Amino acid sequence: MSLRRRQVLAGSAATATALAAAGSFPAPAIAQSDPIKIGYLPALTGPSSSTGIGINRGTQLAVEEINAAGGIKGRKLELVSRDTQSDPTKAVNAVAELTQRQKASIIWGPLNSGEALAATPLIARDKVPMLHPCWVDELIDVKKYPMSFRIAPTNTQVGKGANHYVVNVLKLKKVAVISDTTGYGTASVNTYVPMLKAMGAEVVYSNHVDAANPDLKPELLRMQNAGALAIMPWSVNAGFLSRILNTRGAMAWDVPVVGQTTLGSGQTKALLDKPENWNKVYSNNFRNCCYVGGKLPERAAAFVERLKKNKIEFGDTLLWWVALGWDGAQMIADTFKAAGTKPADVVAHMNKVKSWPGVYGTVTWTPEQHNGFPDQEVVMAEVNSLKDGAFNLAPGYAS
């Protein structure tokens, strides 16, 4: 009995010593090697998936290369992806999973404004940093959403570029403005029509149309009968945009079409009845991803070579979409490397980003301004010049 008692006492002492030692050391190393989770909300299917498909290719490539190079101080990045299917309700349902159950350190997306309008208040409620590329202006508000940052231009910047091209470059004052019925489409028309009027243009037609409408001829006839000299469509739906271009072609109505960047996507091109239906079509684009004198800027040219080397398909999408996906993932990685993953530290670092040199665009943020894209990098492109996902600057731009 005495021997057993000594054994028990010795064992108890050893256990106590071990527990005390454990309390004096950091958490086991395995906790420091867990992946860093990025909650990712692309629309990879559904009617507004053109954007998400392109951005996803750049995002995936960047994360693969970052992880292959050792990750973030030895920790891999893990994309916890949920396809929003171009549906705001599905985006909302995914937010709780990513922020509360998956404990994502940041949310990348949603990638379409319609989904972001529904999801952003919930991400802000859960106090998770958010990076997105959506254009609708009210998605950034440092008082309402202090942890949300935009790595893209605003709707106002984009519309200002398109309106300037129609009114001041093409010298056309009678304009038809059309959108689909998504949050992005309706917000765009509601923003751009007053801007056009303030510039002295006459908006002779304005409407929101269901993107699934198979026959847009009645709408284009209304535009034509009203005397429109240019059509300005706002939608990320390639089917809707191609029907506008095909109807204009079938009517032999030779007016320019100036508007949303998806006008120039490979998906839209594939749906054209005739290649000529892409003539006199000018889409939003970005100076860093456009040809000047037959050449891309240095960063974009190097990025194209990277895509080709990695066999990333981009001929059916837009270079700037793929570049934006790359930039988003790189921005997140740079932030984690510099600041770690605590939400307050992530936001503090992003508040000080200055002239960050992305492939897609240059980014600067301050505590008071989470819109970071420069006006001068928003341009218009000539869509029938498409090559390697990029375009020539539209006629009338200085190099």
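**Entry 1: the chain as a whole**

I began with contacts (heavy atoms within 4.5 Å): among those in the chain with a separation of 6 or more, 69% join residues 24 or more positions apart. I note that this is a predicted model, in which local features need pLDDT of at least 70, side-chain atom pairs count only at pLDDT 80 or more, and totals for chains, interfaces and linings use all residues. Residues are numbered from 1 along each chain as its sequence is written, and side-chain values use heavy atoms, with hydrogens and water left out.

I looked up the extent of the chain: its C-alpha atoms fill a box of roughly 105 × 40 × 40 Å along the principal axes. Of its 399 residues, 53% count as buried, that is, under 20% relative accessible area with a 1.4 Å probe, protein chains only. I recorded 13 helices and 15 strands; these are DSSP runs numbered from the N terminus, helices being H or I of at least four residues and strands E of at least two.

I next examined an open sheet of 5 strands, which has the order 2-1-3-4-5 and parallel pairing; two strands pair if DSSP finds at least two bridges between them. Strand 2 (77-81) and strand 5 (148-150) stand at the edges with a single partner strand each, so one side of each lacks a neighbour in the sheet. The twist averages 25 degrees from one strand to the next, with axes as lines fitted to C-alpha atoms, for helices over the stretch in contact, and angles from 0 to 180 degrees between N-to-C directions.

Strand 3 (residues 106-108) and strand 4 (residues 130-132) are parallel and share 2 bridges; Ile107 has Met130 in strand 4 as its bridge partner. Helix 12 (residues 319-339) packs on the sheet and touches strand 1 (36-40), strand 2, strand 3 and strand 4. The direction of helix 12 makes about 170 degrees with that of strand 3.

**Entry 2: strand 14 and its partners**

I turned to strand 14 (residues 378-387), where 7 of the 10 residues are buried, so the strand is largely enclosed by the rest of the structure. Strand 10 (residues 281-286) pairs with strand 14 in the antiparallel sense over 5 bridges, and Asn285 has Val379 of strand 14 as its bridge partner.

Strand 15 (residues 390-393) is also antiparallel to strand 14, with 3 bridges. Here I found Glu382 bridged to Asn392 in strand 15. Strands 14 and 15 form a hairpin with 2 residues between them, and Asp388 in the turn has a positive phi of about 55 degrees.

Key
Buried means under 20% relative accessible area, exposed over 50%, partly exposed in between (1.4 Å probe, protein chains only).
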